[in-house]
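I set out to record what I looked up in this structure, taking one chain at a time.

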Amino acid sequence: MKRPLLLITGLLYCLFFSIALAGQTDSTAQQEATEVTADEPALISPTLDLVTVQKSDNTIDLKASLKAKIKGTLTFLHSLKIKFYLVTDSAENELGTAITDRNGNAVLNVKAEQVVTNKVGQLYFKAIAAGNKSMEGAEGEVTIKRAILTLTPVKEDSLLSVQVKLVDVGSGTETPVPEITLGIFVKRLFNPLKVGEGATDENGEATIEIPNSLPGDAKGNITLIARLEENDTYGNLEASAIEKWGVPVSDKPEEQPRALWSSHPPLWMLITFAILMVAVWGHYIVIVYELFRLRKEQPVLPGNATNS
Amino acid sequence: MELNSYQQQAFNHQRPFLEKFGKWNWLLTFFFIAWIIAGLYALYLQIAYGHGVTGMRDNVVWGLFIVNFIFFIGLSYAGAIIAGILHLLKLPLGKPIVRLAQMMTIISIVVGPIFILLCVGRFDRLHHLFIYPRIQSPMTWDVMAVLTFFVGAVLFLYIALIKDLAVYRDAGLKGPKWRQWLYKTLSIGYRGGASQKRHLIISQNLLAIIMIPLSIIVASILSWIFGMTLRPGWHSTIFGPYFVLGSLYSGTGVLIVAMWYYRKSHKLENYITDQIFRYMGYAMMVLAAGYGYFTFSEYFTAWFGSEKWDSELIHKLFSPGEYGWWTLFANLAGIILPITIVAIPATRKTNWITAAALIMVIAMWVKRYLIIVPTLETTLLPMQDTRTEYVKYSATWPEWLLTGAGLASFFLFFLLMSKFVTVVPVSGLEETNHKHVHESMPVKKEDIQPA
């Protein structure tokens, strides 16, 4: 009589067991395949890129970026020391050190008094990452001319614009730099947003309009940034100013409407849910109450009939 | 607690099964426990090494576990609907099988949700479901629905058991003292007095009335986990009734198999009669026709619309190189076979109906797989990583081991419950049923001509 269950369960488990075994074989094969491809290169060969950003406060940011290709994937090398140098005609002066962050970047801010131009009026910077037992050393260099970029916000009625001026100061005197395209950006949460661009005239000046509907902070402030990017002679230059030209946007979260997507559910949904739960659990409560009443009832019949 | 002669006879017949566990049952118990232990080992691997040991990946995020969850939870809803209907309609022929339906309800609602827990990657955040529920999410609805249903299922079984528990209490069954104490405590002093009967009937009726719509709602909510998402094969307005019908259908199949097994093992031919099997067969046939209609409607609408993603899914489901053979099996064995077996008078027999039901249940499990996996393999966005294991789902041995453990738990609970309560409710059997059975008993099989 008990054979049927044995047959059913036996068949089912034979089926499961055979599939399980097959699955195990597949899994083992995959594991072996992974182990074969798990070889690592003996020594990492990183590359070090060095760029400069000349700022309007007369300081220079030296930005080094350290990365390497590991197992075919570009990887940023973090927590490594980078040494920065200024190379003059006569010596190689160490400016300072910085540690690379999780994106492989290390930044050193250099004051104006720390830098000396060479005999052709240029600044020659060098960055070095020392090697270790798992990585080769890397070196990056950049040569720039000194220049100053200024930004002046101009408001005429409802028209907003910025005047930018680019002058070469490498030779000791201020010489306007013509026919250079500059970009105007507005600081946002992550990267700055480009809102306009213009080329400098013979006086090294350009006037660039900007929109008047940009969202600002709670007071309507926006940060305007003028940039010269990746110029062969001057590298990167940057100047900024804060103006109350934006549309004030509160940083406090607005109260969300009742909707499917918000944190407040639609009212009908709440009501339906509540009605259903109250209806069902209400029944349960009544039923349990009835059971309690049943228990309290005095026995009316002797319990003697079932013994056999 | 008094019984009439027929009820007494039914109790006397089943009494030995309550009093003796037997070598065979011990063997089965150890067998099931061994599978559960093997499953626990797979669970250990999953916790220790993460979900990487399963075949689930970024695209196919659900696999065997969710298939099993839907399967078992569907059985539970079906059991509650069947038991509720049988109770409310007071069908004499339904009395002997109502206990099995209720056992299926409670066991499935315990086993099913375990598979959902196996899908959870962060057990430590499980309580967030209750601390930060999002009432707009079908997941939240499902958690609430399953919990509410679980409480209802426990109450439903318990209330239906009270009369019988009083019988066991008064019968002085052989066995350990704790068992006697449990019968005494759980029967809450029921003696069959008029007032006690009234309280019990009120409770039973209320619960039967609430359990039917509740089962339909919770089965629909389960379907909405899929139906509310904009995925090919899932985003369908008929998914709610489709799931309800599918649950009821597979539940009917499991109930028929359980009836057949206990009829054989407990020698219950006088109670679980051939006539009951035929009626259950008719129910299975009607449900098969309904399920077939829904299935055809689903596939036909998607195919005719020729929408890009739907077409891709339909192609997968019907291509012999992909899921074509499984689709054929699910529809032939899951729909055509039961209809054919029951429709032909020559095969409208207990064993044939049971065999069709068993094959149909397996086919319905495959159907659940076909609902889940091919859709997840049909990604709406272009895939970034096209490694085979990311594109195609293939269940791993820990997943199969845990599936086997779930099935073993299901059988084990059935075995243990049938040793604690009688499979055919003793106090529920009516005199009309008694007469009917006794009248029909002398009639031999050979005397019944096919219609």
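Into which domains is chain A divided? I noted first that the model is a predicted one. I then found that chain A consists of domain 1, covering 47-145, and domain 2, covering 147-243.

**Entry: the two domains of chain A.** I looked up the distance between the centres of domain 1 and domain 2 of chain A, which is 26 Å over C-alpha atoms. I next examined the contacts across the boundary: 12 residues of domain 1 of chain A touch 14 residues of domain 2 of chain A. On the side of domain 1 that touches domain 2, I found that β1 (47-55) and β8 (138-145) of chain A each provide at least two residues. The greatest contribution to that side of domain 1 comes from β1(A), with 5 residues. I also sorted this side of domain 1 of chain A by class and recorded 4 nonpolar, 6 polar and 2 charged residues.

**Entry: chain B.** I turned to the secondary structure of chain B and listed 16 helices and 0 strands. Its radius of gyration is 23 Å, close to the 22 Å given by the globule rule for 451 residues, so chain B is as compact as a globular protein of that length. I recorded the extent of the C-alpha trace of chain B along its principal axes as about 70 × 55 × 40 Å.

**Entry: burial and contacts in chain B.** I found that 47% of the 451 residues in chain B are buried. Of the contacts in chain B with a separation of 6 or more, I noted that 83% join residues 24 or more positions apart.

Conventions
Residues are numbered from 1 along each chain as its sequence is written. Chains are lettered from A and ligands numbered from 1 in the order in which they are written. This is a predicted model: local features need pLDDT of at least 70, side-chain atom pairs count only at pLDDT 80 or more; totals for chains, interfaces and linings use all residues. Domain bounds come from an automatic or database domain assignment. Two residues are in contact if their C-beta atoms, placed from the backbone, lie within 7 Å. Helices (H or I, at least four residues) and strands (E, at least two) are DSSP runs, numbered from the N terminus. Ala, Val, Leu, Ile, Met, Phe, Trp, Tyr, Cys and Pro count as nonpolar, Asp, Glu, Lys and Arg as charged, and the others, Gly among them, as polar. The radius of gyration is taken over C-alpha atoms; the globule rule is 2.2 Å times the number of residues to the power 0.38. A residue is buried if 20 or more other C-beta atoms lie within 10 Å of its own, exposed if 12 or fewer, and partly exposed in between; C-beta atoms are placed from the backbone.
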